[in-house]
Protein chains: 2
Amino acid sequence: MSATLPFHQWMAQRSGSNAGVVARSLLQYGRTSGVIGEIIARQVASDEGVQCNSERVLVTAGCQEAVALCLQTLCADAGDAVLMRNPTYIGGSAVAHLAGIPIYQVTAAGADLATAIDGEIRRAQRHGHRIRALYLIPEFDNPTGEVLDDADRRAVLEVCARHRVVVLEDNPYGMFRFDGTPSTPMATLDNAGSVIYLGTYSKTLCPTLRVGYAVVPETLWGSAEAAQSLFDELTLRKSYVSVNTSAITQAMVAGFLLQENFSLRNWIQPSLARYRQNRDRLLLALDAEFADLQEHISWNRPAGGFFLTMDLPFEFGNEALKSCAADHQVLVMPMSFFALDSSQNRRIRLAYSYLSTNDIGMGVSRLGAFIRARMEKRS
Amino acid sequence: MSATLPFHQWMAQRSGSNAGVVARSLLQYGRTSGVIGEIIARQVASDEGVQCNSERVLVTAGCQEAVALCLQTLCADAGDAVLMRNPTYIGGSAVAHLAGIPIYQVTAAGADLATAIDGEIRRAQRHGHRIRALYLIPEFDNPTGEVLDDADRRAVLEVCARHRVVVLEDNPYGMFRFDGTPSTPMATLDNAGSVIYLGTYSKTLCPTLRVGYAVVPETLWGSAEAAQSLFDELTLRKSYVSVNTSAITQAMVAGFLLQENFSLRNWIQPSLARYRQNRDRLLLALDAEFADLQEHISWNRPAGGFFLTMDLPFEFGNEALKSCAADHQVLVMPMSFFALDSSQNRRIRLAYSYLSTNDIGMGVSRLGAFIRARMEKRS
């Protein structure tokens with residue numbers, strides 16, 4: 001198990017034991033909150049500028065588990081509800097649906113977001129609901145690719161603190177910025193003690209490790225006891241969902257982070273370069289393919305992340321998805337799949353992270369053929 | 001990653017690919033229901049005599065996740081309730097509590113169990129609830145160590161089939177029988193298509209692998225479509241809880257099973273011998289320590305598993321647990337911790353699996369000193 005050895009050696013050094021003893025001890029049922037909190041805390045501080053107490057790091061079986069635990073713990077009582085952006089990451093809304101947690105939504109973006117959040121929190125109150133959590137991906141959102149700027153982040157934090165709404169800041173794509181200045185994580189801007197910071201090693205290291213984490217703040221609304229109690233509740237709930245995260249995959253992540261001196265910046269350079277190249281190729285292809293249709297079709301120019309949003313002059317739902325795939329051999333995601341209402345019916349999400357750069361031109365041509373066929377049919 | 005290589009080679013052979021390509025493909029997000037269902041199905045058939053369709057094996061992040069998924073999927077509607085034995089494994093009841101699923105209970109054992117189940121299902125109906133699932137560990141129950149014989153299993157299956165209650169048969173200890181004839185798993189006795197068979201590699205291989213499984217029957221109440229639909233619902237729910245089980249730990253389990261020719265019987269021999277030796281030593285020590293107290297204190301003589309139940313002439317709760325640990329340096333579990341009512345207040349669970357044999361005599365002496373001190377204080 002060479003991949004886990006660096007962690008076993010590190011643990012052995014700390015405990016004055018030896019790596020073999022540590023390795024054997026880790027084969028048993030382990031601490032529910034995990035064994036690599038300190039190493040994760042150092043990486044998150046180094047790479048993302050988020051300072052966190054290693055005793056407040058809950059290691060989870062992938063970040064999806066962290067999202068599920070947070071929503072179910074924060075919205076445990078009747079009348080508790082969650083607020084999400086619209087469209088939003090399916091893994092967030094599906095957890096709420098399955099757990100029977102009412103979902104409120106804000107479709108506004110940018111400078112309008114905080115005002116819309118305030119309005120929706122009040123609307124929920126009028127319906128007898130209490131918004132307990134706001135789930136969002138402020139950096140290169142999935143599905144939109146959007147980024148919230150610092151001023152908008154502060155405004156959202158202020159509104160949430162006023163209403164005592166916990167912010168679940170999910171940041172899977174933050175390390176994948178191609179241009180411009182990195183944003184400040186909301187967990188770093190947070191003065192009220194209101195942000196749970198969620199992260200994953202699926203995008204930086206490997207999805208099948210299934211290692212993610214939730215970082216609970218030092219104080220929750222100024223109370224250290226409330227923060228500790230929230231951490232304990234999350235941990236208890238995890239003990240009944242998955243007992244603990246495999247210490248084998250934890251040790252693999254930790255071994256990696258130790259070898260890389262607590263930073264993944266160097267390690268992700270090749271992927272980052274490839275994603276940037278794909279983004280560039282995609283924008284060039286779109287510009288070329290749709291040069292004559294720019295009054296009908298538009299798209300954003302993401303500075304990072306995996307996704308681009310495209311606005312179409314017609315509805316693109318399940319039927320279009322199938323026809324586009326079967327007749328034109330290209331897969332794009334209807335934005336309505338991520339939506340909580342009908343506002344996204346004419347939008348699609350293009351993902352450029354997994355493709356090889358050379359396939360992107362062909363993909364865009366095929367999409368172009370589909371779109372032209374549809375537009376002709378309509379006119 | 002030598003531990004995973006046999007599985008990668010096996011997959012490669014099937015797909016006409018090579019092990020490197022397979023290993024790389026498994027690093028990505030994978031099939032939610034898992035990639036080692038066929039190998040698990042062969043081991044379960046070989047070791048436990050349960051025939052299962054490999055396409056109905058849902059690989060989970062430990063068996064606890066399987067329990068949670070099954071309860072939440074089967075009891076998803078208002079009024080749905082679960083039936084458990086009393087006392088019961090905490091991981092079962094806690095999931096129901098957290099999910100807000102009403103719990104009904106039966107304290108009866110042996111030949112009275114099926115009648116009690118029938119009565120409790122009817123009682124639930126009178127309360128406007130519908131029992132959807134019965135959770136039980138028929139072989140070396142945790143916490144009691146009890147075994148249900150074949151006739152009692154059939155009677156329970158008959159009652160559950162009549163009321164369309166799904167039986168969640170959890171079998172973590174079945175491989176650890178010291179004497180007597182192995183029981184027939186309820187999944188094998190099941191003619192109605194009503195048993196979901198739950199298993200784990202935590203006891204046989206290693207807890208921190210966090211690999212367990214749920215096997216959905218070929219037909220549910222005679223309907224293949226209903227069984228498929230249940231499997232699909234479980235899988236969908238898993239996708240929003242943990243996306244999929246780490247393909248690394250899955251490949252480790254599969255690699256192991258391939259090397260052992262799909263049977264863990266040989267592999268567990270050393271643990272089985274040690275557990276048997278511990279059980280024998282514990283019974284001898286109890287017989288010796290409590291020879292003069294046999295009219296006040298009794299215990300069962302488990303033929304397998306990890307646990308023994310002891311009946312005391314006084315209540316043993318949180319206070320006794322602490323005093324016994326602090327003043328006599330021995331830990332036993334109050335049975336009331338596993339109970340849904342006050343019927344277990346004078347019972348304790350002794351676990352003999354984790355101790356070294358030589359420590360058992362000392363543990364029993366210490367427990368004896370505590371019990372004698374309590375009995376003197378009372379008289």
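Arg132 of chain B is partly exposed, with a relative accessible area of 24%, where buried means under 20% relative accessible area, exposed over 50% and partly exposed in between, calculated with a 1.4 Å probe on protein chains only. The structure is a predicted model, in which local features need pLDDT of at least 70 and side-chain atom pairs count only at pLDDT 80 or more, while totals for chains, interfaces and linings use all residues. Residues are numbered from 1 along each chain as its sequence is written, chains are lettered from A in the order in which they are written, and side-chain values use heavy atoms, with hydrogens and water left out.

**Salt bridges**

The side chain of Arg132(B) meets that of Asp80(B) in a salt bridge, a term that stands for a side-chain nitrogen of Lys or Arg within 4 Å of a carboxyl oxygen of Asp or Glu. This pair links distant parts of the chain, since Asp80(B) lies in strand β2 and Arg132(B) in strand β4 (residues 130-136), 52 residues apart; helices (H or I, at least four residues) and strands (E, at least two) are DSSP runs, numbered from the N terminus. Asp80(B), at 5% relative accessibility, counts as buried.

| Pair | N to O distance |
|---|---|
| Asp80(B) and Arg132(B) | 2.9 Å |
| Glu139(B) and Arg153(B) | 2.6 Å |
| Asp280(B) and Arg279(B) | 2.9 Å |

Glu139(B) is buried at 5% relative accessibility, and Arg153(B) is buried at 1%. By contrast, Asp280(B) counts as partly exposed at 33%, whereas Arg279(B) is buried at 6%. Over all chains the structure holds 36 salt bridges, and in chain A the residues Asp118(A), Arg122(A), Glu158(A) and Arg162(A) are linked in a network of them.

**The interface**

Across the interface of chain A and chain B, zero salt bridges are found. The two chains bury about 2900 Å² between them, 65% of it on carbon and sulfur atoms, where buried area is the accessible area (1.4 Å probe) that two parts lose on being put together, summed over both. The contact, which means heavy atoms within 4.5 Å, takes 35 residues from chain A and 35 residues from chain B.

**Helix α5 of chain B**

In helix α5(B) (residues 90-99), the buried residues are Gly91(B), Gly92(B), Ser93(B), Ala94(B), Val95(B) and Ala96(B). What covers them includes α9 of chain A, together with α4 (63-74), β2 (80-85) and β3 (103-106) of chain B. Just after this helix, Gly100(B) takes a positive phi of about 70 degrees.
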